[in-house]
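Please look over the sequence and the model below before reading on. The note that follows is for someone new to both.

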Amino acid sequence: MIIIIRLFALYNENMKKFLCALAPLFLLGFTACSSSPDYFDYVSEYRSSVYIFSEDGEELKIYCSRREAPYSSDGIKGQLNDTVEIFYSSDATADEVHISVGDMQGDMNYRSVTRDFYLCFTAEDEGAASVQATLTVDGKEKTIDVPNVRDEGVIDGRKALQCVLEYDGERFAALTKGNRFLGEINIRLLYDEGCYYYVGVCDREGNTYAYLLDGTDGRVLAERG
């Protein structure tokens, strides 16, 4: 019995030493996890797809986003909604434009400042290679295939954000307190003869620092703020 008690005591002593040795590792792991927020959780606008048709003086653009509503650049992420925005322009004069995309349809509103027609509705982006749209312009109807400019060679928004983090981690660190990020992030897919990403970081004072990235390799091409 005495031998068993001594062995038990020795076991307890060794176990205490083992747990003491592991304690700093557990603490380090906990600290690392708690001080590294997922910055993508603070994205208040993410334009994930852009569909464009351009032919014979007509242009149709469809932007698919998940964004805060109502939108406010205050550094605080609000409730997000799936949003589809449609823009139509033509060299020819048009009085009435109606569009149907999937299950959604409606009359487009003319905007005199930008000289185009606009319609916005709620729908989730499926990230398809293309979508079919039926345009009715002054009574004349036609169905067109609108391709998604974001093909297999274009990175997604999460990767674009990671590229900015690697490029300017100090800016994010300055707005990070513990496991919280004191700001909001905007990520927009852009297209101009190629794909780009706009990534904007907005603090609680409404100050925004912006980055323009190459859409294929994530290189930061320009910054402003």
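This is a predicted model: local features need pLDDT of at least 70, side-chain atom pairs count only at pLDDT 80 or more; totals for chains, interfaces and linings use all residues.

1. Cysteines. The structure holds zero disulfides. Cys-195 has 11% relative accessibility. Cys-202 has 1%. Buried means under 20% relative accessible area, so a residue at either value falls in that class. Cys-195 is therefore buried, and Cys-202 is buried too.

2. Salt bridges overall. How many salt bridges does the structure hold? The count is 10. Some of them are described one by one below.

3. Lys-142 and Glu-58. These two form a salt bridge, with 2.3 Å between the closest N and O atoms. The pair links distant parts of the chain, 84 residues apart. Lys-142 sits in strand β9, which covers residues 140–147. Glu-58 sits in strand β2, which covers residues 58–68. Glu-58 is buried, at 14% relative accessibility.

4. Arg-66 and Asp-82. Here the closest N and O atoms of the salt bridge are 3.2 Å apart. Arg-66 belongs to strand β2, and Asp-82 to strand β3 (residues 80–90), so the bridge ties together parts that are 16 residues apart in sequence. Arg-66 has 38% relative accessibility and counts as partly exposed. Asp-82 is partly exposed as well, with a relative accessible area of 22%.

5. Arg-67 and Glu-85. Which strands does this pair link? Arg-67 is in strand β2 and Glu-85 is in strand β3. They are 18 residues apart, and the pair links distant parts of the chain. Their side chains meet in a salt bridge at 3.6 Å, N to O. Arg-67 is partly exposed, with a relative accessible area of 22%. Glu-85 is buried, at 11%.

6. A network. Asp-214, Asp-217 and Arg-219 are linked in a network of salt bridges. When viewing the model, take these three residues together.

7. Strand β2 again. Glu-58 lies in β2 and pairs with Lys-142 in β9. Arg-66 lies in β2 and pairs with Asp-82 in β3. Arg-67 lies in β2 and pairs with Glu-85 in β3.

Note on methods
Residues are numbered from 1 along each chain as its sequence is written. Side-chain values use heavy atoms; hydrogens and water are left out. A disulfide is a pair of cysteine sulfur atoms within 2.5 Å. Buried means under 20% relative accessible area, exposed over 50%, partly exposed in between (1.4 Å probe, protein chains only). A salt bridge is a side-chain nitrogen of Lys or Arg within 4 Å of a carboxyl oxygen of Asp or Glu. Helices (H or I, at least four residues) and strands (E, at least two) are DSSP runs, numbered from the N terminus.
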